[in-house]
Amino acid sequence: MATSELSQTAEVTNFKLVFGTIAALSLIFQVGHFAEHAFQFGVWVLGDWSNICGRDTPWMSPWVMNLVDKVGLIVAPAADPARRTMLGMEVLHLIGNGIFLTGLVCLYVCLPSKWVRWALYIETFHLYEHIMLTTSAFFVGKPIGMSTLFGAAGVIGSRDFAVGFRVTWHFAMNLLPMPFAMIGIMGYERMRNALAERNSVGPFRGLRLVSARNSLEGEDPGPGR
């Protein structure tokens, strides 16, 4: 029985190690992804003062533009350059947000905090937006979603307005899940340290720590359901 329990414990540990590694790598990726959007937003706010591009053009770093070109050639090799760029950008954003959502799912498996769950809700909604944008770009010929005012941003306002609305929307949506995830991680670390200190003194020294899942669900209030 003891051997079986040890084997199961080792399997759970290995399982969480894999998921934890995926979560860590995706969070590192998201920091870079957000930095790209933050700089893009800053360039748009500055406009011509940035000496990079005007507000009618969404800035992208050279290496991202290179990726957009490569993805565009894969998904639409026979299309004209403008359509290849549009589809390459939408597919690349879809992949990027899929990576971040996968990481948040893995993080929630390891740290079932209510804060992480809220990050999951936000990023799921964000990924759904990119599914809409990508699907409509392929089949309708232009990206249609909330960040484009369902394709009407260019009709309601100028090109500057349409670019600015989308740039601002995605800057905000890439920012929002990150504090929730970080609060969940910090809350878990505080709780783990407290449990370790409690478990290392007195007659109960050597008792197994309660599971992270039960602790977080019972003691981490997080925002309301």
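**Notebook: helix ends, core and charge pairs**

I note here that the model is a predicted one.

I then checked the length of α4. Beyond the helix I found G141, which follows α4 and has a positive phi, near 100 degrees.

**Overall fold**

I looked up the secondary structure of the protein chain and recorded eight helices and zero strands. In sequence order the pattern reads α-α-α-α-α-α-α-α. Of the 225 residues in the chain, 39% are buried.

**Helix α3**

I turned to the start of α3 and found D80, which places a side-chain oxygen within 3.1 Å of the backbone nitrogen of A82. Helix α3 covers residues 81-110, and its 30 residues should span 44 Å at 1.5 Å a residue; the distance between its end C-alpha atoms is 44 Å, in agreement.

**Nonpolar core**

Which residues have the most contacts inside the largest nonpolar core? I listed F100, L104, L107, L111 and A181, in a core of 18 residues. I traced the contributions to helices α1 (2-46), α3, α4 and α7, each of which supplies at least two residues of this core. Helix α3 gives the most, with six residues.

**Helix α7**

I examined α7 next, which runs over residues 177-199. It has 23 residues and reaches 33 Å from first C-alpha to last, close to the 33 Å expected at 1.5 Å a residue. Its buried residues are P177, M178, A181, G184, G187, Y188, M191, L195 and N199. A181, in this buried set, is also one of the residues with the most contacts inside the largest core.

**Charge pairs**

How many salt bridges does the model hold? I counted two. One joins E90 and R166, with the closest N and O atoms 2.9 Å apart. This pair links distant parts of the chain, as E90 belongs to helix α3 and R166 to helix α6 (residues 159-175), 76 residues apart. I found both E90 and R166 buried.

A further salt bridge brings together the side chains of E189 and R192, at 3.0 Å from N to O. These two residues are three apart in helix α7, so about one helical turn separates them. As background, an α-helix has 3.6 residues a turn, so residues three or four places apart point the same way. Are E189 and R192 buried or partly exposed? E189 counts as partly exposed because its relative accessibility is 29%, and R192 is likewise partly exposed, at 39%.

**Q40**

I looked at Q40, which sits in helix α1. Its relative accessibility is 11%, so Q40 counts as buried. A polar atom of its side chain lies 2.8 Å from the backbone oxygen of W59.

**Surface patch**

Lastly I inspected a nonpolar patch on the surface, formed by I74, V75, F138, F139 and V140, with about 520 Å² of accessible area together. Helices α2 (62-75) and α4 (114-139) each supply at least two residues of the patch. F138 lies in helix α4; I recorded F138 as partly exposed, with a relative accessible area of 30%.

Technical notes:
Residues numbered from 1 in each chain as written. Predicted model: local features only at pLDDT ≥ 70, side-chain atom pairs only at ≥ 80, totals over all residues. Heavy atoms only, no water. Patch = residues over 30% accessible without salt bridge, like charges linked within 9 Å, V, L, I, M, F, W, Y side chains within 5 Å. Areas by Shrake-Rupley, 256 points an atom, 1.4 Å probe, with all protein chains shown as cover. Salt bridge = Lys/Arg side-chain N within 4 Å of Asp/Glu carboxyl O. Helix = DSSP H or I, 4+ residues; strand = E, 2+ residues; numbered from the N terminus. Buried < 20%, exposed > 50% of the residue type's maximum accessible area, 1.4 Å probe, protein only. Expected span 1.5 Å × (residues − 1). Polar contact = N/O pair within 3.5 Å; in protein donor to acceptor, adjacent residues only side chain to side chain. Core = buried A, V, L, I, M, F, W, Y, C linked by side-chain atoms within 4.5 Å.
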